[in-house]
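Morning, everyone. I have one structure to walk through today, and I will keep it brisk.

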Amino acid sequence: MPARRKSGRQTVTFSRPVAVVSAACCAGPLEGEGPLRGSFDIVYPDMLNGEKSWEVTERTMLKDAVLCALGKGNLSRDNIDYLLAGDLLNQCISASFAARDLSLPFLGLYGACSTMAESAGLGAMLIDGGFAQYNVAAVSSHYATSERQYRFPTEYGGQRPPYSQYTVTGAGALLLGHGPSFQGLLPRLTHFTAGQVIDLGQKDPFDMGSAMAPAAADTILRHFSDLSLPPDHYDLVLTGDLALVGHSIVEELLYEGNLVLKDRLQDCGLLVFDRTQQNVFAGGSGCGCSAVVLCGHIMELFKQAKLNRLLFVGTGALLSPTTFQQGESIPCVAHAIALELCDDRFVE
Amino acid sequence: MSKQSKAAQRQQKQQKDYQKLVARKRTKIPLFRNIVVAFLVGGFISVVGQALMFLFVHLGYPEEQAGDPTVATLILIASLLTGLGVWDVIGQFAGAGAGVPVTGFANSIVSSALEFKREGLVLGVGARMFQLAGPIIVYGAVTAFVVGVAHAVFR
């Protein structure tokens with residue numbers, strides 16, 4: 001049987017757009033002082049938040065985000081079919097340890113910082129395929145846990161280059177539901193484009209933006225060509241965490257691919273912090289970066305009907321400390337989900 | 001030419017073009033500013049060291065032995081500032097100026113010890129304390145050995 005809901009090479013079109021029933025996000029102190037401070041459900045007063053280690057703090061954030069999303073959607077844990085979650089830490093410990101406490105059927109995912117888009121896209125596929133009615137897609141990242149895993153101890157006094165990025169401390173959760181069960185105007189997932197892993201030979205682990213930009217451009221171009229969309233179809237094409245350098249590169253790569261988005265192209269890594277006031281170098285990064293922007297700020301824009309169509313492109317650098325120490329380049333992936341503020345409808 | 005090597009060539013060209021694009025777009029490291037600041041801060045730390053040395057001589061240490069308490073004091077200061085969460089700020093500001101003197105060495109050990117204390121005293125602090133300082137010790141010892149042998153042979 002051919003794949004009926006597949007459009008083009010990499011994109012799927014959901015037959016009933018999958019409803020985003022609710023969304024929730026938690027953020028750390030620095031994010032809580034940033035330009036999006038009003039959009040977070042929970043802001044933690046400090047990086048440890050009274051836990052015994054940063055790892056515990058990160059998984060607590062993830063759990064808080066999931067429970068908060070369930071609360072906002074008026075659903076209990078018994079309603080949820082799958083929790084699709086991931087994070088940046090080895091063996092995805094934040095997601096799996098949070099899932100232990102949440103007692104939900106759990107599918108752990110690793111797409112580095114693209115995991116928010118990946119989990120939401122897969123969650124929507126499960127719902128549209130009739131395998132689930134409600135799914136939660138959730139991710140987390142924490143500045144201190146990823147620093148110690150990928151780079152140096154947090155108190156180490158090395159000098160970081162200006163193009164490096166600051167890992168966002170935060171978690172986000174999207175509660176997805178079967179479209180027909182939710183009538184009325186809601187942000188709904190209409191398409192999902194799974195990206196290819198792209199590697200153009202970048203090796204500097206401090207410069208993730210340059211490494212990820214080609215993957216982002218590839219997925220965006222693929223999405224537009226798979227669905228034959230005009231450049232102004234989306235009000236906003238939002239990349240995950242390319243930050244200053246990657247954002248300007250992706251703009252150029254899209255231009256080369258004959259897709260000019262101008263102000264319609266933005267990046268979560270640049271939105272979540274104020275680079276002129278906060279010491280974050282080129283901008284934010286991490287799973288939490290795209291998650292807190294999507295689940296907070298963007299969902300608010302949808303609620304106020306200031307945004308109609310969004311292409312959310314999670315971008316992930318799939319490196320590990322081992323691979324870059326062994327001199328290998330950084331493979332990257334980008335996944336895209338299309339969200340539209342619309343009523344339930346049947347697409348054929 | 002075989003199909004495969006053509007594809008490899010194309011990929012190489014694509015990567016090269018991309019390197020050029022990245023080089024153009026990437027925020028430049030302010031090299032001149034970094035060098036000047038490193039010189040000034042490194043110099044300042046050395047001046048503080050010299051002042052401490054004079055102090056220890058004044059307190060009665062023989063001149064050739066006054067270096068030891070001086071280094072110990074600088075290590076103490078850098079370790080304290082690391083523990084108080086100040087040193088990483090100084091390091092970001094001054095770069096090699098803060099890193100090259102003994103203060104940077106102290107910071108690399110204390111920051112690692114702090115970072116991994118949650119993994120316990122043996123597998124955490126004990127095993128990881130020298131993860132950044134280890135290479136300096138190893139290659140310091142190797143260099144000293146080579147120079148020592150050369151000195152003995154060519155004297």
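Predicted model: local features only at pLDDT ≥ 70, side-chain atom pairs only at ≥ 80, totals over all residues.

The predictor gives the complex an ipTM of 0.89 and a pTM of 0.94. Chain B has a mean pLDDT of 93, with 99% of its residues at 70 or more. Which elements of chain B mark the lowest and the highest mean pLDDT? Helix H5 of chain B, residues 96-99, has the lowest, at 90. Helix H2 of chain B, residues 31-58, has the highest, at 96.

Now the architecture of chain B. Count the elements: eight helices and zero strands. From the N terminus on, the order therefore reads α-α-α-α-α-α-α-α. Burial next: 24% of the 155 residues of chain B count as buried. As for contacts in chain B with a separation of 6 or more, 54% come from residues 24 or more positions apart.

One residue to look at here is B:Gln14. It lies in helix H1 of chain B, residues 3-25. B:Gln14 counts as partly exposed, because it has 13 C-beta neighbours inside 10 Å. Look along the chain to B:Pro30, 16 residues apart from B:Gln14: their C-alpha atoms are separated by 28 Å.

On to the contact between the chains. Chain A puts in 25 residues and chain B puts in 28 residues. On the side of chain A that touches chain B, the elements giving two or more residues are helix H6 (208-226) and helix H7 (243-256) of chain A. H7(A) supplies the largest share of that side, five residues. By class, that side of chain A has eleven nonpolar, nine polar and five charged residues.

Next, the cores. In soluble globular proteins, nonpolar side chains tend to be buried together. Here the largest nonpolar core has 118 residues. Which of them touch the most other members? A:Ala65, A:Ala69, A:Ala138, A:Ala173 and A:Leu176 do. Strand E2 of chain A, residues 11-27, gives the most to this core, with eleven residues. Another core lies apart from it, with 16 residues, including B:Ile45, B:Leu74, B:Leu81 and B:Met129. Back to A:Ala173: among the residues it touches are A:Ala23, A:Ala65, A:Val136 and A:Cys295.

Helix H2 of chain A, residues 54-72, deserves a look too. Its 19 residues reach 27 Å from first C-alpha to last, close to the 27 Å expected at 1.5 Å a residue. H2(A) is mostly covered, with 15 of its 19 residues buried. After H2(A) comes A:Asn74, with a positive phi near 55 degrees.

A:Gln91 is a residue other than glycine, and its phi is near 60 degrees. A:Gln91 sits in the loop between strand E4 (82-87) and helix H3 (93-102) of chain A. A:Phe281 is not a glycine either, and its phi is about 60 degrees. A:Phe281 is in the loop between helix H8 (268-271) and strand E12 (284-285) of chain A. Buried or exposed? A:Gln91 is exposed, with 11 other C-beta atoms within 10 Å. A:Phe281 counts as buried, with 22 C-beta neighbours inside 10 Å.

Definitions and conventions:
Residues numbered from 1 in each chain as written. Chains lettered and ligands numbered in written order. Contact = placed C-beta atoms within 7 Å. Helix = DSSP H or I, 4+ residues; strand = E, 2+ residues; numbered from the N terminus. Nonpolar A, V, L, I, M, F, W, Y, C, P; charged D, E, K, R; others polar. Buried ≥ 20, exposed ≤ 12 C-beta atoms within 10 Å, placed from the backbone. Expected span 1.5 Å × (residues − 1). pLDDT = per-residue confidence, 0-100. Core = buried A, V, L, I, M, F, W, Y, C linked by C-beta atoms within 7 Å. Lists of a residue's contacts leave out its neighbours within four places in sequence.
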